[in-house]
Amino acid sequence: MKISYYPGCTLRTKAKDLDDSARLCAKALGVEMEEIENWQCCGAVYPMGTDEIATKLSAVRALDAAKHNGGKLLTLCSACHNVIKRTNEDMKADGDICFRANNYLKLDEPYKGETEVLHYLELLKNVVGFDNIKKAVVKPLNRKVGAYYGCLLLRPSGVMAFDNPENPTIIEDFIRAIGGTPVVYPFRNECCGAYVGLKNSELPKKKSEKILQSAKEKGAEEVITACPLCLYNLQTNGGNILPVKYFTELLAEALGVQA
Amino acid sequence: MQRIGVFICWCGSNIAATVDVVKVAETIKNEPGVVFSANYQYMCSENGQQLIKQAIKEHNLTGIVVGACSPRMHEATFRKAAEEAGLNPYMVEIANIREHCSWIHKDMEEATEKAVILVRTAIAKVKLNAPLTAGESPVVKRALVIGGGIAGIQAALDIADAGFEVDIVEKNATIGGRMAQLDKTFPTLDCSACILTPKMVDCAQHEKIDILSYSEVEEVKGFVGNFSVKIRRKARYVDETKCTGCKLCMEKCPSKKGLDDFNMNLNTRTAIHIPFAQAIPNVAVIDATQCLKMKTGKCGICQKFCEVGAIDFTQQDTFIERQYGAIVVATGFKPIALDNFNEFGYADNKDVITSLELERLMNAAGPTNGVLLRPSDNEHPKVITFIQCVGSRDTSGCGKPYCSKICCMYTAKHAMMIREKYPDTEVHVFYIDVRTPGKNYDEFHRRAVEQYGVDYIKGMVGKVYNENGKLMVQGSNLIDNEQITIASDLVVLATAIEPEPSVRKVATLLTASIDTNNFLTESHAKLRPVESPTAGVYLAGVCQGPKDIPETVSQASACAAKVICLLVKDKLKTNPCVAMPDEMMCNGCSQCANVCAYGAITYVDKEFRLGGGKTEIRRVASVNPAVCQGCGACTVTCPSGAMDLKGFSSKQIMSEVEAICKM
Amino acid sequence: MTREERIENLNRLSGTDVKKCMKCGKCSGRCPAFKDMDIKPHQFVSMLAQGKVEELLQCEAIWNCFSCMACVERCPRGVAPAAVVEAVRDTVVRMQGKNGIKAEEIPPIVDELIPQQLLVSAYRKYNK
């Protein structure tokens with residue numbers, strides 16, 4: 001099957017590993033990720049101010065493109081997923097934002113939140129199926145892995161509807177499917193604070209160390225994430241307590257499709 | 001020619017401040033058929049009623065309209081006044097110019113105009129009213145109490161003491177309810193079992209009380225004074241009449257891994273068991289989902305050892321049908337599930353427990369014999385942190401919007417008891433507000449702080465997590481504007497309570513109304529707090545709203561008083577506003593019988609003359625006026641318009657609509 | 001802009017109803033950046049409710065909030081403290097010369113590993 005895909009700015013540059021491994025794995029699992037044309041950066045953070053319209057338009061353009069190309073939009077970077085999913089909810093549920101955004105865009109047909117936004121993990125769970133992934137594994141992980149969800153995938157849960165915001169299981173189930181042992185630790189859904197790094201470099205350091213310590217204490221040998229910013233922060237500011245990887249890298253390893 | 005009198009009430013300033021009552025009375029004077037129109041400050045007062053009575057006599061009135069408050073308030077008052085003046089009480093109509101007019105409008109001109117319309121509407125109706133006479137129905141002198149917790153027990157004892165038969169239907173194997181699970185009770189700290197079990201025994205020994213344990217109400221028919229109730233007696237696989245409660249079966253039963261729900265699943269129990277030592281009836285019950293004999297056919301050890309031959313694996317559910325004059329609902333509560341509150345770590349940490357679980361851990365008859373040991377490793381917890389308002393006062397959709405009312409007091413109780421028994425234990429309580437209204441209640445809470453040194457922290461916990469074997473409780477301390485983390489050994493969640501879910505079925509069976517939180521609705525929040533709007537149904541305990549034991553007991557006794565008032569009567573006046581079919585129009589389609597919630601409609605074959613000496617036998621609807629509650633469902637269902645409601649005929653309703661539309 | 005207009009504007013921008021707050025402090029009990037917030041999450045809500053705009057507009061906390069939504073997620077009353085923080089930050093950065101980040105500050109702190117995402121998000125959040 002084919003699915004419209006939104007890579008986002010970082011996956012084109014610093015997080016090429018994430019993009020490459022995801023595409024390879026998808027192919028191995030029978031899914032072709034079709035990059036939508038002329039996508040623009042989503043802005044990396046969802047603007048909460050109720051008068052913010054222009055800042056949401058690139059997300060709406062991507063959503064509209066996917067609407068005309070299969071009706072689903074696949075995301076991979078946690079930040080892109082958060083921005084695009086929340087913007088989509090605005091287009092669906094907030095008449096004012098929807099009206100004003102469409103006024104700007106002048107699309108052939110107004111966009112009203114029709115596209116289904118799907119994170120790569122949701123694709124694995126709901127479309128491919130963890131059972132099928134299990135069958136496709138050639139090299140089971142056989143190690144203890146801590147899932148790091150962070151904030152963007154889970155919250156606000158009312159809109160993201162990704163998993164239980166306090167007790168998520170999707171990445172743990174994923175780890176199990178590729179033959180690893182998931183390690184549940186209490187800071188897996190705590191924000192790493194990376195995004196204030198340019199203003200206050202101490203804060204992300206404290207948070208990253210706490211997260212990795214928590215994972216280590218519960219027995220994790222490595223930590224995986226879906227967010228390039230989390231990965232950067234945990235790797236650079238986490239005091240080298242544990243190795244941190246993209247979840248797709250482990251998937252590639254288990255499926256034996258490493259480039 | 002009708003002679004109508006109109007009486008406009010000021011209701012002090014309730015109506016008169018918004019509605020020009022003098023103008024309404026004056027305008028109405030000119031209505032055709034109106035021969036008298038007056039206004040008065042309080043029409044419901046003795047003087048006001050006198051005014052009505054006098055006018056009826058002096059002006060020879062054939063019908064009256066009172067423009068006043070809701071008919072739910074004073075319709076009965078004015079009907080009685082009319083009757084005393086010699087007018088049929090059903091020739092009285094109320095125009096609700098308070099709730100429907102003055103209370104909801106601000107503009108006097110508009111409100112006055114609307115009041116005039118409402119009064120005109122009532123006049124249009126009263127002109128078509130016909131005198132009606134109430135019938136009578138007998139009262140079955142027996143009461144049903146649904147639920148055998150402290151509310152049901154108290155209500156049953158009081159009713160029985162007045163000399164009436166009472167049946168308690170309890171869905172569990174024993175009566176006692178939640179109170180039986182508690183350790184001590186606030187504010188006096190007497191042992192719950194010590195004050196409850198004598199009452200349970202009283203129930204069992206009372207010659208007027210029949211305890212139907214392990215039973216559920218299946219079907220309810222009839223009406224106030226004459227309910228017919230079908231009760232399912234669930235198979236307990238033990239003959240209640242033979243079992244002596246010797247517990248030999250429990251010693252021998254090899255299936256020991258069932259969760260002990262009486263102990264909040266903190267330990268295990270055998271498949272055949274008696275829930276607790278003082279259970280009433282003191283009779284074993286077999287958990288069929290756990291019993292080896294029932295599951296695999298192999299075992300039956302209990303049967304072998306039972307000296308009185310009480311075990312019967314072939315038992316089936318049985319049904320009994322009984323008649324009652326009144327029904328008390330006392331179905332109780334349960335703590336909410338904590339699935340939406342994973343931030344407190346309940347699912348992941350054995351040592352995060354609910355307050356009801358703590359009750360069992362503190363209870364001498366509980367899984368630890370009353371020694372406070374934490375579930376994970378049976379160690380004495382040295383630092384205990386309580387979190388209040390878990391799921392209460394929550395409008396986010398995760399919890400309950402209401403205050404559960406009992407938690408502040410029981411948390412103070414727990415904190416105090418722990419400090420009393422284990423003075424080396426550190427106790428912290430996170431609270432949003434401490435709500436302790438009630439006699440000796442705030443004093444009780446202050447004692448926990450001042451005498452027992454319990455650390456009350458104004459703030460809420462945001463996260464509980466496990467770190468190096470300690471439960472880290474991270475929360476705010478709003479007084480000091482700090483975020484603090486308390487390394488604790490045990491965390492106790494004051495979990496919100498909700499009505500026992502089975503109340504929904506009970507409410508449906510009784511056609512008793514229920515609110516959005518599944519609490520049963522009382523007839524009037526202030527003046528009829530123990531009566532359901534469904535006549536003959538009364539409410540006791542938490543099924544009606546969160547409340548503690550003293551309040552529950554008060555409400556249960558109030559229920560009993562109401563039930564006794566009903567049962568001492570030999571006959572009840574029935575509502576004459578019942579359905580009546582026009583047999584000539586009825587085509588016997590049965591649709592009315594299908595929608596009748598009271599089973600008041602049956603069908604009869606009747607002979608009709610066709611003229612020319614010919615007759616025809618047709619099937620037509622027949623309403624039992626003693627059973628009909630006048631709800632009107634049949635009248636709107638009837639496809640041929642044959643069914644009408646006395647006092648609310650289609651003609652009357654249409655005349656009201658016309659009066660409104662005319663302006 | 002008058003003080004009243006500022007208050008109204010902040011309420012509108014935040015899209016949250018601060019009157020629903022029952023002052024439980026769960027937001028501040030949860031906040032991962034609490035110690036670096038000079039005005040705490042619960043205070044954002046209560047200060048806006050009281051109309052203390054000047055203090056809000058001068059605070060440092062708007063640069064330290066992670067926007068991680070932990071406070072929003074767990075508010076038992078459906079209030080969004082993070083949205084109030086964002087409304088205050090938006091108001092500040094939209095003022096003349098109040099951008100949170102200056103372009104010349106960036107090169108010295110950027111290492112070759114910093115993902116674009118961080119630069120984009122910082123500009124989006126801190127600058128107009």
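**Notes on a predicted model with chains A, B and C**

1. In chain B, the C-alpha centres of domain 1 and domain 5 lie 35 Å apart. The model is a predicted one, and the domain assignment of chain B gives domain 1 as 4–126, domain 3 as 248–305, domain 4 as 337–498 and domain 5 as 579–646, while domain 2 is made of the pieces 142–234, 317–332 and 500–567.

2. Chain B holds an open sheet of 4 strands, whose order is β2-β1-β3-β4 and whose pairing is parallel. At the edges of this sheet stand β2 (34–40) and β4 (92–96) of chain B, and because each of them has a single partner strand, one side of each is left without a neighbour in the sheet. On average, and with direction ignored, neighbouring strands of this sheet are turned by 15° against each other.

3. Within that sheet, strand β1 (residues 4–9) of chain B and strand β3 (residues 63–68) of chain B run parallel and are joined by 5 bridges. Looking at individual residues, Ile8(B) has Gly67(B) in β3(B) as its bridge partner.

4. Helices also pack on the sheet of chain B. Helix α1 (residues 21–29) of chain B touches β1, β2 and β3 of chain B, and its direction makes about 175° with that of β2(B). Helix α3 (residues 71–84) of chain B touches β3 and β4 of chain B, and the direction of this helix makes about 150° with that of β4(B).

5. Elsewhere in chain B, the axes of helix α6 (residues 150–161) and helix α15 (residues 549–567) come within 8 Å and cross at roughly 35°, and the crossing in which α6(B) passes α15(B) is right-handed. The residues that meet here include Ile150(B), Ala151(B) and Ile159(B) in α6(B), and Ile549(B), Val553(B) and Ile564(B) in α15(B). Sorted by class, the contact of α6(B) with α15(B) has 11 nonpolar, 4 polar and 1 charged residues.

6. Chain C is divided into two parts, domain 1 (3–95) and domain 2 (100–128), and the centres of these two domains of chain C, taken over C-alpha atoms, are separated by 24 Å.

7. Finally, the contact between chain A and chain C takes 36 residues from chain A and 34 residues from chain C. On the side of chain A that touches chain C, the elements giving two or more residues are α9 (202–217) and α10 (228–237) of chain A, with the largest share, 4 residues, coming from α10(A). By class, this side of chain A has 19 nonpolar, 11 polar and 6 charged residues.

Methods
Residues are numbered from 1 along each chain as its sequence is written. Chains are lettered from A and ligands numbered from 1 in the order in which they are written. This is a predicted model: local features need pLDDT of at least 70, side-chain atom pairs count only at pLDDT 80 or more; totals for chains, interfaces and linings use all residues. Two strands pair if DSSP finds at least two bridges between them. Axes are lines fitted to C-alpha atoms, for helices over the stretch in contact, and angles run from 0 to 180 degrees between N-to-C directions. Two residues are in contact if their C-beta atoms, placed from the backbone, lie within 7 Å. A crossing is left-handed if the near helix is turned anticlockwise from the far one by less than a right angle, and right-handed if clockwise. Ala, Val, Leu, Ile, Met, Phe, Trp, Tyr, Cys and Pro count as nonpolar, Asp, Glu, Lys and Arg as charged, and the others, Gly among them, as polar. Domain bounds come from an automatic or database domain assignment.
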